[in-house]
Amino acid sequence: MQMSLTATSGLERRLEVAVPGEQVASEVESRLKQLSRTAKIKGFRPGRIPINVVRRQYGGQVHTEVVSELMRSSFAQAVSRESLRPANDPRIEPIAIEPGSDLKYAAIFEVLPEVVVKPVDSVKLERPAATIAESDIDAMIQSMRRQRVSYAIVERESRSGDRVIADFEGRIDGVAFAGGAGKDTPFVLGSGRAIPEFEAALTGLAAGASRAAPVRFPDEYGAPELAGKQTEFSVTVNKVEEPVLPALDDAFAVDFGVHEGGMTKLREEVHKRMELEVEEAVRTRVRSQVLDALYRDNPLELPRSLVDEQVQELQVEMMRRMGQKDANQAPPREPFEEPARRRVALGLLMGELIRRESLKADRDRINERLSQVVAQYPNADEMRRAYLQNQQAMQQIEGSVLEDQAVEWVAQRAQVTDKPVSFAELTGFGKQS
């Protein structure tokens, strides 16, 4: 087998391979002889078909199969001989594939770049250090109370926090539109779930009062036929209800799964959950800084094919979140270009770090991660068995664990400074509640 390798541009390579015609012919002949023992051709007994008849009947098909397989095997041999690391499947350009001649073809592909991870002892990380104060637990308990809020009818004008039960009808240019009317519909004022002008129209009205209000739908409104449209709504409030928070007593504790110990025990449980939330938030912050540092400090020339694959994956993810299935409606690729480059680069850098330091996925952590994954399903035991029998799914879990260990390896060797922060700053709890 002869071959020549050319660097065409960047990481792209052109590999020309020639396989002697005698090797091709020998393989074709061998297969035709095997086929003559099993082929069924009208007028001949199985196993007694003359080879020239088999060649005439199947020669072209067998030659095509042999050429295809020799291309695959010779490409693999050539790549191994040249110590190449292809980043993608090659694009094959046949040069000579006719029977009786040498098999010649060109394989065009990209190679992975040489990856060198710089020493990480100069990386500077800022690790959040949060303590959970009694006031943080109080705020969390208040958030839990709001999850169990009830409403009581009041005889006054509505205000923020109230729930109003209202009738409404919207018109565009004086004409009612589909989905623009409702009867006895509940709205919680201040929740941000209605267009601000519409919510403002419902504020300050007592039961039985009506109001007309102009409402402009946002340009990015979910219903395209209404996006950016100016409308006129008439609203009538049927009931005004004020929120009533539950008492902080044993019944409240039981409602959140604490059947003994009352509010004292519930506060302890809430504190434990908040500690776990802090630990996860710290890990997330440190991980983000580690990945940022690796990407910043180790620039790489990236295979275009791998970046394109990641761009497509990101586009598909976005379409899935938007509930869009039509490929023609895929978002433009430009916003995904840099995130895709980051994904590819970090994949290569983490892979090199794991290889260089001989990191192995911890078996206990794999089992723990698997438990976390299957806990999301109602049939957790059944899902665990399914995952354990799915090699690809388990490889993804192991890869995730191994990546976490690589991040921790970097963090242990970096220059880490603890920065005091509040629970709310670290977790964004105030924004969530």
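Helix α6 (262–297) packs against helix α8 (residues 334–356) in this predicted model, at an angle of about 90° and with the two axes 10 Å apart. Helices here are DSSP runs of H or I with at least four residues, strands are runs of E with at least two, and both are numbered from the N terminus. Axes are lines fitted to C-alpha atoms, for helices over the stretch in contact, and angles run from 0 to 180 degrees between N-to-C directions. The angle therefore makes α6 roughly perpendicular to α8. That class covers 65 to 115 degrees; under 35 counts as roughly parallel, over 145 as roughly antiparallel, and the rest as oblique. From α6, the contact uses Ser288, Leu291, Asp292, Leu294 and Tyr295. From α8 come Glu338, Arg341, Arg342, Ala345, Leu346, Leu349 and Met350. Contact means heavy atoms within 4.5 Å. Seven of these residues are nonpolar, one is polar and four are charged. In this scheme Ala, Val, Leu, Ile, Met, Phe, Trp, Tyr, Cys and Pro are nonpolar, Asp, Glu, Lys and Arg are charged, and the others, Gly among them, are polar.

Helix α8 also packs against α11, at an angle of about 80° and with the axes 10 Å apart. This pair is therefore roughly perpendicular as well. Met350, Leu353, Ile354 and Arg356 of α8 meet Leu402, Glu403, Ala406, Val407, Trp409 and Val410 of α11. The contact of α8 with α11 holds eight nonpolar residues, no polar ones and two charged ones.

Residues are numbered from 1 along each chain as its sequence is written, and side-chain values use heavy atoms, with hydrogens and water left out. Because the model is predicted, local features need pLDDT of at least 70 and side-chain atom pairs count only at pLDDT 80 or more, whereas totals for chains, interfaces and linings use all residues.

Four strands form an open sheet in the order β1-β2-β4-β3, with antiparallel pairing. Two strands pair if DSSP finds at least two bridges between them. The edge strands are β1 and β3 (91–96), and each pairs on one side only. The twist averages 20° from one strand to the next. Seven bridges link β1 (residues 2–9) with β2 (residues 12–19). Serine 9 has glutamate 12 in β2 as its bridge partner. The two strands form a hairpin with two residues between them. Glycine 10, in the turn, has a positive phi of about 55°. Eight antiparallel bridges join β2 to β4 (residues 103–110), and valine 19 faces leucine 103 in β4. Between β3 and β4 there are five bridges, again antiparallel. Here alanine 96 stands opposite lysine 104 in β4. Helix α2 (residues 51–81) lies across β1, β2, β3 and β4 and runs at about 55° to β4.

The largest pocket holds about 570 Å³ of space. On a 1 Å grid over the protein atoms alone, a pocket is an open set of points where a 1.4 Å probe fits, with protein on both sides within 12 Å along at least five of seven lines; lining residues have an atom within 4 Å of a point. Grid points are joined across faces, edges and corners, and a volume is the space filled by probe spheres set on the points. The lining of the largest pocket has 19 residues, with Glu280, Arg283, Arg365, Asp404 and Glu408 nearest its centre. Strand β5 (124–130) and helices α6, α9 (363–374) and α11 (391–413) each supply at least two lining residues. Nine of the lining residues are charged, seven nonpolar and three polar.

Strand β8 (residues 175–188) gives the most, with three residues. By class, this lining has nine nonpolar, three polar and four charged residues.
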